[in-house]
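Subject: A structure for you to look at

Hi there,

Here is the structure I promised to pass on to you. Have a look at it first, and then read my notes below.

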Amino acid sequence: MLYPDGTTAFEKPVAQQILNKVATKCDLCYHRVDAGQLPACVEVCPTKARVFGDLDNPASEANALVKAHGGWQMLPEKQTQPCVFYIG
């Protein structure tokens, strides 16, 4: 579904009441990224274990880490093309 401005529900999630003990999908803090900030989880991670960046930009730290350490995605057989990579 496209909104009148051309975005999808995944690009502009609707604010909603979150029930207790219910998992919700991470939206990568799109509102913070739009404002030029890092997602909150990346900013507050005390061990710097999370990296946020443009995988299409060869100069980004995220791109370099995935290339150097062979990042992988969860459940590739589901063909959901997640934007989160894990490095082990």
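**The second largest pocket**

The lining of the second largest pocket divides into 17 nonpolar residues, one polar residue and four charged ones. In this count, Ala, Val, Leu, Ile, Met, Phe, Trp, Tyr, Cys and Pro are nonpolar, Asp, Glu, Lys and Arg are charged, and the others, Gly among them, are polar.

Before going on, a word about the source: this is a predicted model, where local features need pLDDT of at least 70 and side-chain atom pairs count only at pLDDT 80 or more, while totals for chains, interfaces and linings use all residues. Residues are numbered from 1 along each chain as its sequence is written, and side-chain values use heavy atoms, with hydrogens and water left out.

Back to the pocket. A pocket here is an open set of points on a 1 Å grid over the protein atoms alone, where a 1.4 Å probe fits, with protein on both sides within 12 Å along at least five of seven lines; lining residues have an atom within 4 Å of a point. The second largest pocket holds about 700 Å³ of space, a volume being the space filled by probe spheres set on the points, which are joined across faces, edges and corners. Of its 22 lining residues, V51, F52, C83, V84 and F85 lie nearest the centre. Both α2 (40-44) and α3 supply at least two lining residues each, and α3 gives the most, with three.

**The chain as a whole**

Of its 88 residues, 11% count as buried. Buried means under 20% relative accessible area, exposed means over 50%, and partly exposed is in between (1.4 Å probe, protein chains only).

Which residue forms a salt bridge with R32? The partner is E43, and the closest N and O atoms are 2.6 Å apart. R32 lies in helix α1 (residues 30-34) and E43 in helix α2, so the pair ties together parts that are 11 residues apart in sequence. The structure holds one salt bridge (a side-chain nitrogen of Lys or Arg within 4 Å of a carboxyl oxygen of Asp or Glu). R32 is buried, at 17% relative accessible area, whereas E43 is partly exposed, at 45%.

**The segment after α3**

Several residues to look up sit in this stretch. W72 lies in the segment after α3 (61-69) and is partly exposed, with 43% relative accessibility. C83 is also in the segment after α3, and C83 counts as exposed because its relative accessibility is 56%. C83 and L28 are 55 residues apart in sequence, yet their C-alpha atoms are 9.7 Å apart in space.

Now for the backbone. Most residues other than glycine have a negative phi. L75, in the segment after α3, has a positive phi near 50°. Q79 is found in the segment after α3 too, with a positive phi near 55°; Q79 is exposed, at 67% relative accessible area.

Happy exploring, and write back with any questions!

Methods
Helix = DSSP H or I, 4+ residues; strand = E, 2+ residues; numbered from the N terminus.
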